[in-house]
Amino acid sequence: MQGDSNFNKGNWFSNIIRKPDTGGIKSEYKTPVFIDDDKNYVIKINEILEKLVKDFSLTEDNTLFTEIVCEYQKFIKRVLDFYFQGHIGDAALEMKSYIKDLIDGSMGIALSNIKNSIAFNDKEIIISSIKNEKSIDFFRARVSEHFCEYKRNEMLHIPFNQREKISSARFSIQGLPCLYLGTTSYCCWLEMDTPADHQFNVSAVSVNEDMKILNLTLNSCDLEHLLALSNDRKIFQEGLKLWLLALSSSFVVRQSNRSFKTEYVIPQLIMLAANELNLDGVSYYSKRVKDDRLASMNTVNLALFAKYNGEEKFSKICKEILLTPSVNFSMFKQLNYDATYRADDIRPHIQDTMYPKVIGSFERQYQYSETKFYSFDKYLLSLKNEMKNMEQ
């Protein structure tokens, strides 16, 4: 194939994304990308793509991948131009075409079921085509002003007959409900904007793991890792196209008091496209972390579409969900050991993986298994296991 004779030559992609002196990731290729003003989103994404085109072109015989980035740069410009011109339908069609091309013939990177997604498993397992044998753990949270215990129905998605409560968010379109889950209670805590303990209420959740999702949990280090594991041109091409899409969705704008958020355009169009292509949801790294290289499995969000077919309140996906009543975090901390001993033998899915799970920042890291959030996870999972046993 023309333009890719360099593909099998050592760590060529590492040379692109890493600094030659320290080996650290170049600032352009770290996510989330933090910017001060909304107006700088278009400028910054173009700067990053220009830099990537330049870095790719400096590698000998790398024409194929340089062209992929160039085409993506044109694609993003078309999508944003259509959107800003008021041609929302055209922007949506462009995104649908891109994602359809991405998932058609996917090798399990962009598209998979939940159980065998790289969002929730070691990449070594997925590349080796080893089937995951353990269920994936999920959690869902709600915030209350005062101590309370939410019932099951209160922990589901916002009902269809209360659409007025559904606001616009990064991966959420106004009036269209989704069921948002996190892989840990810590992830939920971040997404809830770090509430006080007495305000934080969490349920453990099991879902139908055969549901098909678009995986956006891919950063530059993940792509580097995939290349090192597989050395497969097709996997890298799929990963590169997916990484570019994930990168465009991973901007955090510090400017406050905005009625419109430009950085939400791409992820919202992704959600519309994935829904139209009959996928069940999208996974993505939390944008509340400082650096998503520490987000692997700890802080992954799963947004499941609450598909509407005339139901009064809840989507049919809710019938396939096992969900515990909520537990208040402050109340959990007051429990004695004899009330929580049942969780001693619980081993959350993220602990059955190859790499240590840490939270925080690169400057100050903490083993997740040594936090109260981890103990909270275990307790919630023990309640879920009790519910499963009662149903059998």
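Visitor: Which residues is Ser-112 in contact with, leaving aside its neighbours within four places in sequence?

Guide: Contact means heavy atoms within 4.5 Å. For Ser-112, those partners are Ser-117, Met-211, Lys-212 and Ile-213. Ser-112 itself sits in strand 2, residues 111-113 (strands are DSSP runs of E, at least two residues, and helices are runs of H or I, at least four, numbered from the N terminus).

Visitor: Is Ser-112 buried or exposed?

Guide: Buried means under 20% relative accessible area, exposed over 50%, and partly exposed in between, using a 1.4 Å probe and protein chains only. With 9%, Ser-112 is buried.

Visitor: How many salt bridges are there?

Guide: A salt bridge is a side-chain nitrogen of Lys or Arg within 4 Å of a carboxyl oxygen of Asp or Glu. The whole structure has 20. One of them joins Asp-55 and Lys-26, at 3.2 Å from N to O. Asp-55 is in helix 2 (40-57) and Lys-26 in the loop between helix 1 (12-17) and strand 1 (33-35), so the pair ties together parts 29 residues apart in sequence. Asp-55 is buried at 7%, and Lys-26 is buried at 13%.

Visitor: What should I know about confidence?

Guide: This is a predicted model, where local features need pLDDT of at least 70, side-chain atom pairs count only at pLDDT 80 or more, and totals for chains, interfaces and linings use all residues. Residues are numbered from 1 along each chain as its sequence is written, and side-chain values use heavy atoms, leaving out hydrogens and water. pLDDT is the predictor's confidence in each residue, from 0 to 100. The protein averages 92, but residues 1-5 stay under 50. Where pLDDT is low, the predicted coordinates should not be read in detail.
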